[in-house]
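Here are my notes for a first look through this one. Keep the viewer open and follow along point by point.

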Amino acid sequence: MAFSEFECWSESGQLDCVAVFRPAALDVTSAEEAAAVGFNRPVTRSEAEDAFGRLRDALVRQGCQAIDLWELLPAPERAVSDTTVNRVFVRDTAAVLGRQLVTGTAAFPVRLAEFDVAHRALSQLQPPRPDDEPASSARIEFGDVFVLDGERLLVNVGLRSDAKALSPFLELAWRSGFREAAVVRIPESLGIIHLDLAFNVLGPHAVVARAFLRHTPIQVFQQGRAPHWEPFDGYFAQRGRRVIPFEPSGAQGFLSNFIYVGPDLILASESAAPGLRPLAKACGIEVDSVDIEALERGNGSVRCLTMPLRRRPA
Ligand SMILES: NC(=[NH2+])NCCC[C@H](N)C(=O)O
């Protein structure tokens, strides 16, 4: 696939193509190992592989092409990559913003090598850049970024994406063709590492958001203007979207971590689906589900495990 085919102007256009990354070759065997890599619980390689197979099948069943970045790696990089258990959470490493592939930077040191390797794999999909073209990279983990529509991005600065990264990120957003960036700040005391663990876009007319987010006003940046603040719910209401609040309970920890595959269909994990279904139904959206409990032990779910490379216009 050539770079010219990368295109994402929303989270709710029909999904044509995603990047995924198969699980690494190591088990995570103890509580200490889990803590070292940001996992909630141990998981074996074979449990992770079974779950990954189900995820890939579910994406393909929905008519989406799934490119496993592992296939694009030269052998020496595979050896390193096979020891990085977070590589399945490919979402964080880069994103297609408009027609631009933007690479991210790991804030969690154990993921530094894995981000570099993912970028190398992604570079196989695009033609070499001319020397004078500025690099498109940001000090952001992309679990913190949403493409709201063809004009707007939403970004969280918090545990993983540093506020200092904001101003170069805004320049990149303008260069990629966006006109507005909304900035939210999840209180770090909650320990929520990425925005997609508390928020998601539920089709063209709604978003789901953890209830606490209504206490966090949004700072709105528009190209060439001084930033201003808007209430969280008011920001979305002004732009034609309803905010559906939720409080996760127990097994539904990953309720917001789904991907819109369309038309009017999202793919979520089996643990998230029961809580999500009534909310989605109210927006005319169906929920397909897949058993990826083993991968969720790594503290991420369907959205973290997928990187949209091409979506049809919403
Ligand atoms: N977009 C996400 N929520 N990604 C989840 C990543 C989880 C991973 N264990 C980490 O600590 O980085």
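1. Which strands form an open sheet, and in what order? Before the reply, bear in mind that this is a predicted model. The sheet is made of three strands, ordered 8-9-12, with mixed pairing. Strand 8 (199-201) and strand 12 (242-246) each have a single partner strand, so they stand at the edges and one side of each has no neighbour in the sheet. On average, neighbouring strands here are turned by 20 degrees against each other, direction ignored.

2. Now for the pairing itself. Strand 8 runs antiparallel to strand 9 (residues 206-210), and three bridges join them. If you want a place to start, find Asn200: its bridge partner in strand 9 is Val208. As a reminder, strands of a sheet pair through backbone hydrogen bonds, either parallel or antiparallel.

3. Strand 3 (residues 94-97) and strand 4 (residues 100-103) run antiparallel and are joined by four bridges. Two residues lie between these strands, and Gly98 in the turn has a positive phi of about 65 degrees. Leu97 has Gln100 as its bridge partner in strand 4.

4. Helix 2 (residues 45-61) is worth a check on its length. With 17 residues at 1.5 Å a residue, helix 2 should span 24 Å, and its end C-alpha atoms are 24 Å apart, so the two agree. After helix 2 comes Gly63, with a positive phi near 85 degrees.

5. Which residues of helix 2 are buried? They are Ala48, Ala51, Phe52, Leu55 and Leu59. These cover an arc of only 105 degrees around the axis, which means they sit on the same side of helix 2. In general, an α-helix has 3.6 residues a turn, so residues three or four places apart point the same way.

6. Next, the interior. The largest nonpolar core has 95 residues, and those with the most contacts inside it are Val90, Ala118, Leu153, Val155, Ala181 and Ile266. Take Leu153: neighbours within four places in sequence aside, its contacts include Leu97, Val145, Phe146, Phe178 and Ala181.

7. Last stop: is Met307 buried or exposed? Met307 has 27 other C-beta atoms within 10 Å, and 20 or more count as buried, so Met307 is buried. You will find Met307 in strand 16 (residues 307-311). Setting aside neighbours within four places in sequence, Met307 is in contact with Val18, Ala19, Val90, Arg91, Ala94 and Ala95.

Note on methods. Residues numbered from 1 in each chain as written. Predicted model: local features only at pLDDT ≥ 70, side-chain atom pairs only at ≥ 80, totals over all residues. Pairing = 2+ DSSP bridges. Axes fitted to C-alpha atoms, helices over the stretch in contact; angles between N-to-C directions. Buried ≥ 20, exposed ≤ 12 C-beta atoms within 10 Å, placed from the backbone. Contact = placed C-beta atoms within 7 Å. Core = buried A, V, L, I, M, F, W, Y, C linked by C-beta atoms within 7 Å. Expected span 1.5 Å × (residues − 1). Arc of directions from axis to C-beta.
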